[in-house]
Amino acid sequence: MPQAPARPSGHELRRALVRAERGVALSLDEAAALAGARGEGLDRLLAVAARLRDLGHGDVVTYSRKVFIPITMLCRDHCHYCVFAKPPAKLEAPFLTPDEVVSIARAGAEAGCKEALFTLGDRPEDRYEIARAWLDERGFDSTLDYVRAVAIRVIEETGLLPHLNPGVMSYEEIARLKHVSASMGIMLETASARLSAKGGPHHGSPDKVPAVRLRTIEDAGRLAVPFTTGILVGIGETERERAEALFEIRDLHRRYRNVQEVIVQNFRAKPGTAMHAAPEPGDEEFLAAVATARIVLGPRMHVQAPPNLSDPAQRLRLLDAGIDDWGGVSPITPDHVNPEKPWPSIDALQATTSARGKRLRERLTVYPEFAAKPDPFLAGKMRAPVAALLGHDGRAVEGQRPLPIPWQDPDVRWKPRTIALTFAKGAGAGLREDADAVYGEIDLPPATTDWERGHVEPARLEGEIRSALRKASAHRAISDEEALALFRAEGDALDALCRVADDSEPRRSVTTSRT
């Protein structure tokens with residue numbers, strides 16, 4: 001993998017901190033310098049980030065009560081740090097069945113969860129024949145078609161709101177999935193194509209190419225989908241590359257206004273992966289990345305850090321760094337992406353949040369800004385499921401359990417006819433009285449036919465036309481006979497008529513008024 005550029009100097013960091021404290025818009029170089037803050041510089045950075053968070057979100061920190069549904073762990077990519085994706089030999093079946101999906105969702109509903117997080121590998125049918133065969137046997141063209149079908153079942157049988165993380169999607173696929181989800185997401189992870197080169201963590205993963213993922217995020221913006229994205233800290237990127245990723249996200253959000261949250265996630269090395277021995281980001285490095293994200297993205301953006309990837313002391317520091325959301329937390333399912341890191345309990349998060357003088361509030365998978373103003377962000381089919389769980393402040397109604405809610409339109413039932421069609425014509429009724437007028441077969445008025453048949457001597461016609469043109473040029477009234485003569489003008493006479501019409505005073509007046 002190519003060598004990363006050097007970190008910013010101390011002078012650059014001091015200058016960037018002063019500008020951040022003054023609330024000045026930062027350049028990419030200045031944001032990169034902030035991401036390199038440590039020690040006293042980090043303390044100053046955290047203070048700015050926390051102040052911005054308080055300006056945008058007050059004393060409220062949110063979370064979503066969810067179930068984690070791993071639709072399939074097959075994936076066509078090969079990320080060097082991932083334990084979620086597995087080969088077919090290590091799985092009992094290529095996909096969860098619809099009944100298994102609904103069972104997980106139903107258990108979540110009984111536990112008060114409101115979000116069904118659908119996570120899966122990218123397009124496994126393109127790599128594994130067993131995945132293609134499984135889908136074909138059940139009549140699905142693709143994994144995403146299957147996701148759509150089971151998302152509908154989850155809504156109709158449990159009332160949970162699907163949040164879809166299906167990886168890279170086309171514009172058309174996002175458009176179809178919008179109708180069965182309250183929100184969607186894909187982690188940008190990095191904006192550095194360098195990490196996709198040989199020896200990099202994304203080598204051999206076509207769906208991790210930054211340009212490809214940015215296109216998905218932009219397509220979601222064009223379709224007004226409430227969208228979650230974020231960066232992964234510590235996979236070999238530099239501080240500048242982290243800043244570049246944050247700027248990319250910010251630019252897309254400024255254009256489409258649909259990014260609902262940005263996750264700043266710390267890399268955790270896992271046994272059995274190619275990066276099992278890779279160094280994890282230090283506490284200060286990670287805190288600097290979180291605080292820089294808050295400053296770059298501004299006070300109103302929702303910035304999240306997964307609570308299960310930090311210890312209790314670090315969680316307090318994450319609040320100091322400006323987060324306002326803990327993300328999805330499940331009381332019944334593990335984090336299948338980080339299975340070695342159990343979720344903290346809701347009570348533990350409550351205690352951590354209160355220790356920094358904040359209030360913990362439950363939200364839906366779709367954030368209040370989008371839930372309370374559904375047009376154009378929520379598809380028509382998703383408005384009733386969201387409204388059923390929505391509180392007056394746009395967040396969740398705490399303690400409420402979701403209930404099944406219809407999604408598909410009922411079958412149309414035609415009422416039997418009870419009256420005779422008395423307006424229908426009987427056999428042999430013939431044509432209507434006004435048939436000639438209906439079909440346009442009517443005689444012309446006598447005056448019209450008489451005029452068409454009339455013959456005027458050429459010399460007389462020419463005289464009448466000249467007389468009419470002289471009068472018209474002088475803006476004097478012409479007689480009916482002269483007007484009829486003008487209708488017969490041809491050749492030179494017609495040209496003269498057109499010139500008189502073009503040069504008439506009313507036309508000159510109109511033309512002058514327009515200029």
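## Aromatic residues

F95 and Y146 are both buried, where buried means under 20% relative accessible area, exposed over 50%, and partly exposed in between (1.4 Å probe, protein chains only). The model is predicted: local features need pLDDT of at least 70, side-chain atom pairs count only at pLDDT 80 or more, and totals for chains, interfaces and linings use all residues. Residues are numbered from 1 along each chain as its sequence is written, and side-chain values use heavy atoms, with hydrogens and water left out.

Six aromatic pairs are found in a search of the whole structure; rings of Phe, Tyr and Trp (its six-membered ring) pair if their centres lie within 6.5 Å, and planes under 30 degrees apart count as stacked, over 60 as edge-to-face and the rest as tilted. One of the pairs is F95 with Y146, edge-to-face at 5.8 Å centre to centre and 80 degrees between the planes. F95 lies in the loop between β1 (60-72) and α4 (98-110) and Y146 in helix α6 (residues 143-158), so this pair ties together parts that are 51 residues apart in sequence. Helices (H or I, at least four residues) and strands (E, at least two) are DSSP runs, numbered from the N terminus. The F140 and Y146 rings have centres 5.1 Å apart and planes at 65 degrees, so that pair is edge-to-face. F140 is buried, as is Y146. One aromatic cluster is formed by F95, W134, F140 and Y146.

## Nonpolar cores

A nonpolar core is a set of buried Ala, Val, Leu, Ile, Met, Phe, Trp, Tyr and Cys residues joined through side-chain atoms within 4.5 Å. The largest has 116 residues, and I71 and F118 have the most contacts inside it. Helix α10 (residues 283-297) gives the most to this core, with ten residues. A second, separate core of nine residues includes L461, A468, L469 and A496.

Contact means heavy atoms within 4.5 Å. Leaving out residues up to four places away in sequence, F118 touches I69, I71, V101, V147, V150, A151, V154, P162, H163, L164 and N165.

V48 is found in helix α3 and is buried, with a relative accessible area of 3%. Not counting residues up to four places away in sequence, V48 touches A20, E21 and I295. V48 and R22 are 26 residues apart in sequence and 9.3 Å apart in space, C-alpha to C-alpha.

In helix α11 (residues 312-320), the residues Q314, R315, L318, L319 and D320 are buried. The buried residues of α11 pack against α3, β1, α10, β8 (325-329) and α12 (346-355). G322, with a positive phi near 105 degrees, follows α11.

## Cavity and pocket

On a 1 Å grid over the protein atoms alone, a cavity is a set of points where a 1.4 Å probe fits but cannot get out, and a pocket is an open set with protein on both sides within 12 Å along at least five of seven lines; lining residues have an atom within 4 Å of a point. The count comes to one cavity of 30 Å³ or more. The largest cavity has a volume of about 40 Å³, a volume being the space filled by probe spheres set on grid points joined across faces, edges and corners. Its lining consists of N266, R268, P281, G282, D283, F286, S310 and Q314.

The second largest pocket holds about 770 Å³ of space. Of the 29 residues that line this pocket, L297, G298, P299, R300 and M301 lie nearest its centre.
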